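Please look over the sequence and the model first.

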Amino acid sequence: MRATHDVLIAGAGPVGLFLACELRLAGASVLVLEKAGDSRSPLKRPPFGLRGLTMLSIEAFRRHGLLDAIAAPTTGAQAAAHWANQSRRPGGHFAGIQFHLDQVDRSAWPKPSPGSPNPPLAVELERVEHVLAERAEALGAEIIRGVGVEDVEQAEDGVSVLAGGARHAAAWLVGCDGGRSVVRRAVGFAFTGSEPEFTGYSVQVELADPAGLRPGRHHGPAGMYTFAPPGVIAMVEFDGGAHHRGEPITTGDVEAVLHRVSGVEVTVTALSQATTWTDRAFQATAYRRGRVLLAGDAAHIHSPLGGQGLNLGLGDAEDLGWKLAATVRGDSPADLLDTYEGERRPAGAAVLDWSRAQVALMRPDQGTRALAAVVRELIETRDGTTYVASRVWGMDLLHN
Ligand SMILES: Cc1cc2nc3c(=O)[nH]c(=O)nc-3n(C[C@H](O)[C@H](O)[C@H](O)COP(=O)(O)OP(=O)(O)OC[C@H]3O[C@@H](n4cnc5c(N)ncnc54)[C@H](O)[C@@H]3O)c2cc1C
């Protein structure tokens, strides 16, 4: 089958779309196939659709001239209102241990470029995708929505996919189709790692008796919870990930889990949003097989603790885009493309370990709670806060 494009991308999430921009800027023709017909979702908007950008992502969006559009004023206003209620402005957390901006020593860090704000910078996922899609299309990428990749066939000179009953062919395929990647499975990439210890819940509720629940982040007999009144609750229950499933979460589920992690009985009168996640941490053992590559959550999954997944995926896209485009043009060394895996797999492995370290420190047993108290004291020192902030904001990866 004749290839119609240089690169076919499965998935128009943030990583697939950013990769499409990078490829188009470097001259490769791009077709993006996206399974969902409509990219909008309440879970991509505040409160659960907020994503923290690291310094590298901020710099990347600034270089593309996209930072102002992505860091929209509505997000800033919401964040400011949230911080206005706290005596010290929080900068993020490690294993639920919050650190504060006034303790961060930025003096030894490379300076951000003029025009780049300092992290933390919270952005809305839906807006990120919208801005990237608009730019990718303006650069000439073709995006077809409502068409999911179902199968992949590789030949020596190209690759084709079955999607929506039709075949599409290109010289290269990149699977950016998320944690349950069809491309990864169809091509037989091995995916290995550690099984989950907990189920995480993000819910928006109305409570009959909210006074019983303390605002803020607290540990309990079976896990932990964070309560932001009037009704935003995040919970982590150490159940081996058993409750993470496709079935909808009910008000009864929320009441039962909340009781187990807080010890408090509450009555949920309405449930407007609910999603679950786990700390399953898996990574593809290779990022390339022949003419198929993986990027973003398709290549690595881990808990959202500390907000690293989007940033990691954007880093994949930035690294892969110009290398793949140069390979398409044929003016690069033969082994250039393989440096993608050489650089990005270790970056992914480091984030998976950062997430595992947090899970280990969140366990509800007495010994771990004692250890966490010691780590909290270390994090509250100026050096401790600066170290954690440097990891969470990606300052340790930035070079002048
Ligand atoms: C609660 C929560 C909070 C988070 N907070 C942060 C944070 O603060 N900072 C951070 O960096 N990260 C965070 N993350 C992680 C981040 O959202 C993901 O890592 C990021 O969205 C991955 O982007 P992606 O494009 O690789 O995959 P996705 O966003 O999953 O996009 C994949 C796309 O592929 C499409 N698709 C799926 N299957 C197919 C198919 N067969 N064919 C075609 N298309 C397909 C999907 O519809 C989707 O549009 C968080 C995650 C969660 C769950």
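What follows describes the overall build of this predicted model and then its salt bridges.

The protein contains 11 helices and 20 strands. Its radius of gyration is 22 Å, close to the 21 Å that the globule rule gives for 400 residues, so the protein is as compact as a globular protein of that length. The C-alpha trace spans about 65 × 50 × 40 Å along the principal axes. Buried residues account for 50% of the 400 residues. Of the contacts between residues at least 6 apart in sequence, 73% join residues at least 24 apart. The accessible surface is about 17500 Å², and carbon and sulfur atoms hold 52% of that surface.

The protein carries 38 positive and 46 negative side chains, and the centres of these two sets lie 2 Å apart. Side chains of opposite charge can pair when their charged atoms come close. The structure holds 17 salt bridges, including the pairs in this table.

| Pair | N to O distance |
|---|---|
| R45 and E126 | 3.0 Å |
| R167 and E153 | 3.5 Å |
| D331 and R329 | 3.0 Å |

R45 and E126 form a salt bridge. This pair links distant parts of the chain, 81 residues apart: R45 sits in the loop between β2 (30-34) and β3 (50-53), and E126 in helix α5 (residues 125-138). R45 is partly exposed, at 33% relative accessibility, whereas E126 is buried, at 17%.

R167 and E153 also meet in a salt bridge. R167 belongs to strand β10 (residues 166-175) and E153 to strand β8 (residues 149-155), so the pair ties together parts that are 14 residues apart in sequence.

Note on methods:
Residues numbered from 1 in each chain as written. Predicted model: local features only at pLDDT ≥ 70, side-chain atom pairs only at ≥ 80, totals over all residues. Heavy atoms only, no water. Helix = DSSP H or I, 4+ residues; strand = E, 2+ residues; numbered from the N terminus. Rg over C-alpha atoms; globule rule 2.2 N^0.38 Å. Buried < 20%, exposed > 50% of the residue type's maximum accessible area, 1.4 Å probe, protein only. Contact = heavy atoms within 4.5 Å. Areas by Shrake-Rupley, 256 points an atom, 1.4 Å probe, with all protein chains shown as cover. Lys, Arg positive; Asp, Glu negative; His and termini not counted. Charge placed at Lys NZ, Arg CZ, Asp CG, Glu CD. Salt bridge = Lys/Arg side-chain N within 4 Å of Asp/Glu carboxyl O.
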